[in-house]
Amino acid sequence: MKKCAYQGCLLEAKPGSLYCKYHAKMVEIEDKYPEWLKDRLKEKRREIPKSKAKNVIECR
């Protein structure tokens, strides 16, 4: 198993996959968003302090 490539995720990805099961679904959903919304989400993610983001990821 290897680490998930989704923005600092600590979960493991299946062999041959870039993302864990949860984030693979998120990537699939986010690909359907319009570009302006994708940009807004990236901006919001950058605003989250790293300590809070780490705690959120570890809880899942």
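Let me start with Lys25 and Glu28, whose side chains form a salt bridge at 3.5 Å, N to O. By salt bridge I mean a side-chain nitrogen of Lys or Arg within 4 Å of a carboxyl oxygen of Asp or Glu. This is a predicted model, in which local features need pLDDT of at least 70, side-chain atom pairs count only at pLDDT 80 or more, and totals for chains, interfaces and linings use all residues. Residues are numbered from 1 along each chain as its sequence is written, and side-chain values use heavy atoms, with hydrogens and water left out.

Back to the pair. Lys25 and Glu28 both belong to helix 1, residues 21-30, and sit three residues apart, about one turn of the helix. Helices here are DSSP runs of H or I with at least four residues, strands are runs of E with at least two, and both are numbered from the N terminus. How accessible are the two partners? Lys25 has a relative accessible area of 44%, so it is partly exposed, and Glu28, at 41%, is partly exposed too. The cut-offs are under 20% relative accessible area for buried and over 50% for exposed, with partly exposed in between, using a 1.4 Å probe and protein chains only.

Next, helix 2, residues 35-47. Lys38 and Glu35 both lie in this helix, three residues apart, about one turn. Their side chains meet in a salt bridge at 3.4 Å, N to O. Is Glu35 buried or exposed? Glu35 counts as exposed, because its relative accessibility is 51%.

Helix 2 also holds Glu43 and Arg40, again three residues apart, about one turn of the helix. The N to O distance in their salt bridge is 3.1 Å. Glu43 is partly exposed at 36% relative accessible area, and Arg40 is partly exposed at 39%.

How many salt bridges does the structure hold? The count is five, and the pairs I have described are among them.

Now the chain as a whole. There are three helices and two strands, and along the sequence the pattern reads β-β-α-α-α. The chain has 60 residues, and buried ones make up 15% of them. The chain exposes about 5100 Å², with carbon and sulfur atoms supplying 58% of that. Those areas come from the Shrake-Rupley method with a 1.4 Å probe; for residues, only the protein chains shown count as cover.

Last, contacts, meaning heavy atoms within 4.5 Å. Of the contacts in the chain with a separation of 6 or more, 19% are between residues 24 or more positions apart.
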